[in-house]
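Visitor: I would like to go through this model and ask what stands behind each label.
Guide: Here it is.

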Amino acid sequence: MKITRYAYSKQFGIDHDILFEDLRRMILNGDYVLTKEVTVFLNNFSNFIQAGFACGTNSGTDALILAMKVLNIGPGDEVITQANTFNATVAAIKFVGATPVLVDADENTFLMNVAQIEENISSRCKAIIPVHLYGKPSPMEQITELASKHNIYIIEDCAQAHGSKLNGKNVGTFGKIGCYSFHPSKNLAAAGDGGCIVTNDAELFEKCQQVSSLGQKGQNNHVVMGFNSKLDALQARILDWKLPFLSGWNIARNQIADRYYKQLSQLPIKFQQRASNEFHTYHLLTIRTEKRNELQEFLKVKNIDTIVRYPTPIHLQKAFEKEGWKKNQFPVAEKLANELLCLPIRPDMSTDEIDYVCDNVKHFF
Ligand SMILES: *Cc1c(COP(=O)(O)O)cnc(C)c1O
């Protein structure tokens, strides 16, 4: 058996002729930029998230940059996020000229350690960016309380959490702005790059549309400084085709996760802690073991594709060496970087495939 982490052809359903006919028509007609397909998808996606508005971007990274731009976050401002996120979260903060302030990860949830947030809120702090890593919602009750107490914004990094919910409420709708990625690796995947922001604030939405299209208000009337970042029309059509499948995929991911948790529960590994008031979407099925590298090597020989997300925490990345962060400054993030391994989880995985992975993990231990 060979267990892959993605099966793109399965994401289009069985009968996808209509989609490819649409794409053909769009390509031949030159329907490429800000077409009705983009509006239709963004409407459907914001309905799915139960957010008021969605504005398309080139990528999830651009969504984060756009969010900070429209909230006027820039030089002199601080933004808090976690040491164990993907590079994009922190790169976006740097890109708008603000200063990233990191907190450590939590041992059990692998999310932001909320106990460390308040001591890091200075008078210059403008926003917190919690990252719903692996599809698990961050503890938004505490984060919301802290943000309103200190009058700072919450921007949610939802790149790994399309459809994740806490107390029945979608991630991305707790803060001012939620940022999504449609990169091919994500739970809702374009055939290339793509992203969007969601918000309930009509004024912010309008600002997002302006700033992401070079500050235009009507053609040739540029009223604010902007940049060019749009969701491509062909990608929007593909995303809209896949969106009706997403809820079912997220449920399938939960069933697969349950099978993993159950079968591997006796082993000396730890799972990302779960909570009864959340809907996790298992973008990644992450386990923790001190024998991570050996396990990964063992599974590779058995044709099981696993991945480490992420092997180097933010504070030890060369790109951020000027920030002055030190080794051991965020010990939990470092430990997780050494011990986490993502097992394959695809909505279309058969029970035989899951069991093959589980048997081999058991075999290893
Ligand atoms: C993928 C990802 C991003 C960036 O999204 P892109 O579309 O690749 O730019 C940001 N944050 C997190 C946590 C991600 O996983």
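Guide: Lys10 forms a salt bridge with Asp348, with their closest N and O atoms 3.8 Å apart. The pair links distant parts of the chain, since Lys10 lies in the segment before helix 1 and Asp348 in the loop between strand 13 (340–343) and helix 10 (351–364), 338 residues apart.

Visitor: What makes Lys10 and Asp348 a salt bridge?
Guide: A salt bridge is a side-chain nitrogen of Lys or Arg within 4 Å of a carboxyl oxygen of Asp or Glu. The closest N and O atoms of Lys10 and Asp348 are 3.8 Å apart, so the pair counts. By this rule there are 23 salt bridges.

Visitor: What kind of model is this, and how are residues numbered?
Guide: This is a predicted model, in which local features need pLDDT of at least 70 and side-chain atom pairs count only at pLDDT 80 or more, while totals for chains, interfaces and linings use all residues. Residues are numbered from 1 along each chain as its sequence is written, and side-chain values use heavy atoms, with hydrogens and water left out.

Visitor: Why is Lys10 called exposed, and what is Asp348 called?
Guide: Buried means under 20% relative accessible area, exposed over 50%, and partly exposed in between (1.4 Å probe, protein chains only). Lys10 has 53%, so Lys10 is exposed. Asp348 has 27%, so Asp348 is partly exposed.

Visitor: Is Met1 buried or exposed?
Guide: Met1 has 52% relative accessibility, so Met1 counts as exposed. Met1 lies in the segment before helix 1 (17–29).

Visitor: Which residues is Met1 in contact with?
Guide: Contact means heavy atoms within 4.5 Å. Leaving aside neighbours within four places in sequence, Met1 is in contact with Lys302, Asn303, Asp352, Glu353 and Tyr356. The C-alpha atoms of Met1 and Lys302 are separated by 7.9 Å, although the two are 301 residues apart along the chain.

Visitor: What does helix 4 pack against?
Guide: Ala88, Thr89, Val90, Ala92 and Ile93 are buried in helix 4 (residues 87–95). The buried residues of helix 4 pack against helix 3 (60–70), strand 2 (78–82), strand 3 (99–103) and strand 5 (153–157). Gly97, with a positive phi near 90 degrees, follows helix 4.

Visitor: How many helices and strands are there?
Guide: The protein chain has ten helices and 13 strands. Helices (H or I, at least four residues) and strands (E, at least two) are DSSP runs, numbered from the N terminus.

Visitor: Why is the protein chain called as compact as a globular protein of its length?
Guide: The radius of gyration is taken over C-alpha atoms, and the globule rule is 2.2 Å times the number of residues to the power 0.38. For 365 residues the rule gives 21 Å, and the protein chain has 21 Å, so the chain is as compact as a globular protein of that length. Buried residues make up 55% of the 365 residues.
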